[in-house]
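Follow the chain through its sheet, its helices and its aromatic rings. Keep the structure in view while reading.

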Amino acid sequence: MTFNDIFKSSFLESVTEFSPVDTLIGMAFALVVGLFIFVIYKKTFAGVMYSTGFSMTLVGLTLVTTLVIMAVTSNVVLSLGMVGALSIVRFRAAIKEPMEIVYLFWAIAAGIVIGAGMIPLAVIGSAAIGGTLLLFANRKMHENPYILILGCADEKAESAALALAGKSVARLAVKSKTVNASGIELTAEIRMKDGETSFVNRLNGIEGISGATLVSYNGEYMS
């Protein structure tokens with residue numbers, strides 16, 4: 001094989017199918033959609049600590065997926081090689097919030113659709129998904145539960161504290177009770193009445209109550 005034969009190979013001839021204009025248009029739309037996903041994630045985030053790195057990953061993931069799909073759709077041989085290469089990739093980053101999975105799949109799906117040339121579908125679909133997430137994120141579906149922790153010296157103090165708490169909250173359910181030599185430790189899930197927390201002060205004033213702690217609880221973390 002001579003030097004001229006290399007430049008006449010079918011591999012290099014396939015490069016002529018590359019369109020810089022189409023690539024720039026696709027990547028531009030991928031950037032816009034990725035930034036839109038970034039903004040929606042920032043506005044709907046309800047976890048413990050906001051991660052800038054994860055939010056920027058959504059933008060990068062949209063761009064990278066778009067680029068990969070553009071390459072795959074332009075060459076059948078490349079598509080088979082890409083499938084084999086991606087099959088050995090393993091991601092071990094921990095997903096802290098269930099909603100992060102939604103945003104990851106959203107970014108990947110948007111990149112796939114844009115890379116396939118269906119830009120209107122990506123724009124309309126992303127707008128619909130973003131609007132839905134904003135609607136449900138800003139709507140209070142139910143009252144946030146709280147965890148009440150009481151330190152009681154004896155059963156008399158326990159009964160008095162539960163009676164006062166039961167009258168002051170919308171709902172109370174005992175979750176755990178620990179009895180030891182130092183007294184009784186009681187943990188209960190409560191639903192507040194209009195966010196009123198002054199009853200905790202009154203609980204602490206009951207004779208035999210060594211401490212009353214109220215923490216917000218969403219099923220995944222305490223704050």
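Helix 8 (residues 155–168) lies across strand 1, strand 2, strand 3 and strand 4, and runs at about 165 degrees to strand 2. Axes here are lines fitted to C-alpha atoms, for helices over the stretch in contact, and angles run from 0 to 180 degrees between N-to-C directions. Contact means heavy atoms within 4.5 Å. Helices (H or I, at least four residues) and strands (E, at least two) are DSSP runs, numbered from the N terminus. This is a predicted model, in which local features need pLDDT of at least 70 and side-chain atom pairs count only at pLDDT 80 or more, while totals for chains, interfaces and linings use all residues. Residues are numbered from 1 along each chain as its sequence is written, and side-chain values use heavy atoms, with hydrogens and water left out.

The four strands form an open sheet in the order 2-3-1-4, with antiparallel pairing. Two strands pair if DSSP finds at least two bridges between them. Strand 2 and strand 4 (209–216) stand at the edges with a single partner strand each, so one side of each has no neighbour in the sheet. From one strand to the next, the twist averages 15 degrees.

How many bridges join strand 2 to strand 3? Strand 2 (residues 171–180) and strand 3 (residues 183–191) run antiparallel and are joined by nine bridges. These two strands form a hairpin, with two residues between them. Within this pairing, Lys177 has Leu186 in strand 3 as its bridge partner. Strand 3 also pairs with strand 1 (residues 145–152), in the antiparallel sense and over eight bridges. Here Ile147 stands opposite Glu189 of strand 3.

The 18 residues of helix 6 should span 26 Å at 1.5 Å a residue, and the end C-alpha atoms are 27 Å apart, which agrees. The expected span is 1.5 Å times one less than the number of residues. Buried residues (under 20% relative accessible area; exposed is over 50% and partly exposed is in between, with a 1.4 Å probe and protein chains only) in helix 6 include Glu100, Tyr103, Trp106 and Gly111. Just after helix 6, Gly117 takes a positive phi of about 90 degrees.

Thr65 belongs to helix 4 (residues 52–74). Its relative accessible area is 12%, so Thr65 is buried. Apart from neighbours within four places in sequence, Thr65 is in contact with Ile108, Gly111 and Ile112.

The last topic is the aromatic rings. A pair of aromatic rings is described by the distance of the centres and the angle of the planes. Rings of Phe, Tyr and Trp (its six-membered ring) pair if their centres lie within 6.5 Å; planes under 30 degrees apart count as stacked, over 60 as edge-to-face and the rest as tilted. By this rule there are five aromatic pairs. One of them, Phe36 with Trp106, is edge-to-face, at 6.0 Å centre to centre and 85 degrees between the planes. This pair links distant parts of the chain, with Phe36 in helix 3 (residues 20–44) and Trp106 in helix 6 (residues 98–115), 70 residues apart. Phe36 is partly exposed because its relative accessibility is 31%, whereas Trp106, at 5%, is buried.

Tyr41 and Phe54 have ring centres 5.2 Å apart and planes at 55 degrees, so their pair is tilted. This pair, too, links distant parts of the chain: Tyr41 is in helix 3 and Phe54 in helix 4, 13 residues apart. Tyr41 is buried at 3% relative accessible area, and Phe54 is buried at 13%. Phe36, Tyr41, Phe45, Phe54, Tyr103 and Trp106 form one aromatic cluster.
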